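Colleague: I have a model open and some questions about how its parts pack. Can we go through them one by one?

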Amino acid sequence: MRPFNFEKANSVAEASAMKSVNKQFIAGGTNLVDLMKKNIAQPETLIDVHLALTNSIDYQNNVLIIGAVASNTKVAVDKEVIEKFPLISKAILAGASPQIRNMASSAGNLLQRTRCPYFYDITTPCNKRIPNSGCSAVDGNNRMSAIAGYNEQCVAVHPSDFCVALAALDATVTAVTKEQKEITIPFKDFHKLPENTPWLDNNLPQDAVITKIEIPNNSFSKHSTYVKLRDRSSYAFALISVAAALDLNGKRIKEARLASGGVAHKPWRWFEVEKFLEGKRVAEDVFEEAAKLATKDLKPLSENGYKIPMLQGAIVTALKNCINQ
Amino acid sequence: MELKGQYSRRGFLKVSGLLAAFVTIPSSVKAFYQDVKQYFIPKKNVSRLTLSINKKSHTLYADTRTTLLDLFREQLNLTGSKKGCDHGQCGACTIHIDGERALSCLTLAAMAQGKEITTIEGLSNGSELHPMQKAFIECDGFQCGYCTPGQIMSAVACVNEGHTGSVDEIKEYMSGNLCRCGAYNGIVQSIQKVAAQ
């Protein structure tokens, strides 16, 4: 690890004023310290933001407000979250280990880097680590890589479970820019696809500081579920995950939300499938048709063709689990 | 005069050239040496820290890069917390920070000031072992013992959190602690035993 200066920000304004390209924020540190140990991240200065940001979780005016440094555990066990937004709690508890969830912050979860093996192997080219050095995964070991939204420059997937649930529930991210302006980004636009800048994971303006994540009230609390498939039954990143939420009107689907992890460079919303499900019967054949619709245009890489049937199965299972609650 | 020949133009240039080289070379060599040294052995950034560990306050000096785990093991002679992977994947370094389980290998010491830190050494009450330590001995909760301090710290938290409803629940909430000997059955039994007390 390279040596660095350690500073503390006492307010949001101070934090964004202190921030620059070579200075990084640190909250939980579960991802950043690991990357620093491997010399993948080499900040000159770390800015501890615990004093500047809040870890409170509030429910006001039908909106859930999660403070940027609320730990993953705190969000997952919050009474209001479990009662009104159970999908959030289920997704968080499907990820990491209790120790890491205790340490990791909510905003940090959004900003965590990919777990593509080449990103972590500093002896290989990786556009995410060194811009324009090339992608080793596109023709290499890509069994865990993307099946949608990728290009020749990057096939990495976003590793978060929490973010899949936030994407499904139309959350928003609030941040304060270097110019001290408060901005709000809809969750579907927060993370980006690789495009021509695969080294950037999201659309957060440079040096902005995330202050809170908000989730508007919804009517999915009775029928929502998170299905996660991985190499072992716990404490592993998703090969495929599906967050499903339904609002039912008797035997018909009034509204649906469907998002996936392990699919793309960002938490992947299945907008077309959601639209298809609206007004349909609650029946397994409908769910199977939905799963086929989701996978019809997907193009897997050399080693991750298995993800297509796995995704279909996960979508059907998730929708069925929504009903059998 | 005999001396006249010694003050030749050539002689003057030779001597002054050598003198100039002696003056400049050492400084450039020194700068080069410093650059190389800085690259291979970067300058430390040491600061003063006050930490509360096992109910005792410690004031010490550490580089900003120091993790709690390295601080315990290298400065405080608290070698109970183990370094397995050093990347937050194995759980051998599990400790409690303000009563919650955390990984000491991913916690910068500078960020743990003002918090109550408990390591495996702080678990027993004098010579009286913690019930979880006793249970691990009675239930064969370990073989080689390397992951055991982390397992016990995690197990104590697992019981405190109330995640002991079923074997599956215990396994899920202990999934951050790996045991290569495969003593998992004994570990689960130890937790069930303490949870029932």
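What follows is a set of questions and answers on this predicted model.

Colleague: Start with H12(A) and H13(A). At roughly what angle do their axes cross?

Modeller: H12 covers residues 284-295 of chain A, and H13 covers residues 307-323 of chain A. Their axes come within 9 Å. The crossing is right-handed. The angle is roughly 145 degrees.

Colleague: How many residues of the contact of H12(A) with H13(A) are nonpolar, polar and charged?

Modeller: H12(A) brings residues including A:Phe287, A:Ala290, A:Ala291 and A:Ala294. From H13(A) come, among them, A:Ile308, A:Leu311, A:Ile315, A:Val316 and A:Leu319. Charged residues take part too, including A:Glu284 and A:Lys320. The division is nine nonpolar, two polar and four charged.

Colleague: What span should the 17 residues of H13(A) have, and how far apart are its end C-alpha atoms?

Modeller: Take 1.5 Å a residue. The expected span uses one less than the number of residues. That gives 24 Å for H13(A), and its end C-alpha atoms agree, being apart by 24 Å.

Colleague: Against which elements do the buried residues of H13(A) pack?

Modeller: Buried here means 20 or more other C-beta atoms within 10 Å. In H13(A) the buried residues include A:Lys307, A:Leu311, A:Ala314 and A:Cys322. A:Ile315, A:Val316 and A:Leu319 are buried as well, and they also belong to the contact with H12(A). The buried residues pack against S9, S10, S11 and H12 of chain A.

Colleague: Now the sheet with the order S4-S5-S8-S6-S7 in chain A. Which strands stand at its edges, and why is one side of each left without a neighbour?

Modeller: This is an open sheet of five strands with antiparallel pairing. The twist averages 25 degrees from one strand to the next. Each edge strand has a single partner strand, so one side of it has no neighbour in the sheet. The edge strands are S4 (57-60) and S7 (182-186) of chain A.

Colleague: What is the bridge partner of A:Gln60 in S5(A)?

Modeller: S4(A) pairs with S5(A), residues 63-67, in the antiparallel sense. Four bridges hold that pairing. For A:Gln60 the partner is A:Val63.

Colleague: Is A:Lys181 buried or exposed?

Modeller: A:Lys181 sits in the loop between S6 and S7 of chain A. Its C-alpha is 38 Å from that of A:Val227, at 46 residues apart in sequence. The cut-off for exposed is 12 or fewer C-beta neighbours. A:Lys181 has 11 inside 10 Å, so A:Lys181 is exposed.

Colleague: A:Glu195 and A:Asp207 both lie in the loop between H10 and S8 of chain A. Does A:Asp207 count as buried, exposed or partly exposed?

Modeller: A:Glu195 has a positive phi of about 45 degrees, and A:Asp207 has a positive phi near 70 degrees. Neither is a glycine. A:Glu195 is exposed, with 12 other C-beta atoms within 10 Å. A:Asp207 has 18 C-beta neighbours inside 10 Å, so A:Asp207 counts as partly exposed.

Colleague: Over to chain B. Which residue takes a positive phi in the hairpin of S1(B) and S2(B)?

Modeller: S1 (residues 46-53) and S2 (residues 56-63) of chain B run antiparallel, joined by eight bridges. B:Arg48 stands opposite B:Tyr61. Two residues lie between the strands. The positive phi, near 50 degrees, belongs to B:Asn54.

Colleague: Which helix packs on the sheet of chain B that touches S3 and S4?

Modeller: The open sheet has the order S2-S1-S5-S3-S4, with mixed pairing. S2 and S4 of chain B stand at its edges. Neighbouring strands are turned by 45 degrees on average, direction ignored. The helix makes about 40 degrees with S3(B), and its name is H4(B).

Colleague: Last, which element gives the largest share of the side of chain A that touches chain B?

Modeller: The contact takes 20 residues from chain A and 27 residues from chain B. S1, H2 and H6 of chain A each supply at least two residues of the chain A side. That side has nine nonpolar, seven polar and four charged residues. The largest share is five residues, from H6(A).

Note on methods. Residues numbered from 1 in each chain as written. Chains lettered and ligands numbered in written order. Predicted model: local features only at pLDDT ≥ 70, side-chain atom pairs only at ≥ 80, totals over all residues. Axes fitted to C-alpha atoms, helices over the stretch in contact; angles between N-to-C directions. Left-handed = near helix turned anticlockwise from the far one by under 90°. Contact = placed C-beta atoms within 7 Å. Pairing = 2+ DSSP bridges.
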